[in-house]
Amino acid sequence: MMGAEAEIRRKIRQKKMIQQRLTGIAALLLCVFVVVFALHGQTPEDRDITPVLLIAPIGFYLLFSKECWLY
């Protein structure tokens, strides 16, 4: 019985880690879109890439962390 519970927990954790890594990739893709849009901006406000400075570290952390941070 304990082996079955451990197997279920392992599968749940594996699924959460996949979801976490996909979320990290999505955050990094969002950063790429912000940079692409900023390259075509006409005013300084249009060329602002502050969101990249805030979102990119979170995306990298979610992508490469071995701990489960998403619940």
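**Ground rules.** I am working from a prediction, where local features need pLDDT of at least 70, side-chain atom pairs count only at pLDDT 80 or more, and totals for chains, interfaces and linings use all residues. Residues are numbered from 1 along each chain as its sequence is written, and side-chain values use heavy atoms, with hydrogens and water left out.

**Helix pair.** Helices here are DSSP runs of H or I, at least four residues, numbered from the N terminus.

**Who touches whom.** Contact means heavy atoms within 4.5 Å. On the H1 side I find residues including Gln20, Arg21 and Thr23, and on the H2 side Val52, Ile55 and Phe60 are among them.

**Core.** The largest nonpolar core has six residues: Leu28, Cys31, Val34, Val52, Ala56 and Leu63. Such a core is a set of buried (under 20% relative accessible area, 1.4 Å probe, protein chains only) Ala, Val, Leu, Ile, Met, Phe, Trp, Tyr and Cys residues joined through side-chain atoms within 4.5 Å.

**Leu63.** Leaving aside neighbours within four places in sequence, I see Leu63 in contact with Arg21, Gly24, Ile25 and Leu28.

**Ile18.** I also checked Ile18, which sits in H1. Ile18 and Leu63 are 45 residues apart in sequence and 9.2 Å apart in space, C-alpha to C-alpha.

Definitions and conventions
Helix = DSSP H or I, 4+ residues; strand = E, 2+ residues; numbered from the N terminus. Buried < 20%, exposed > 50% of the residue type's maximum accessible area, 1.4 Å probe, protein only.
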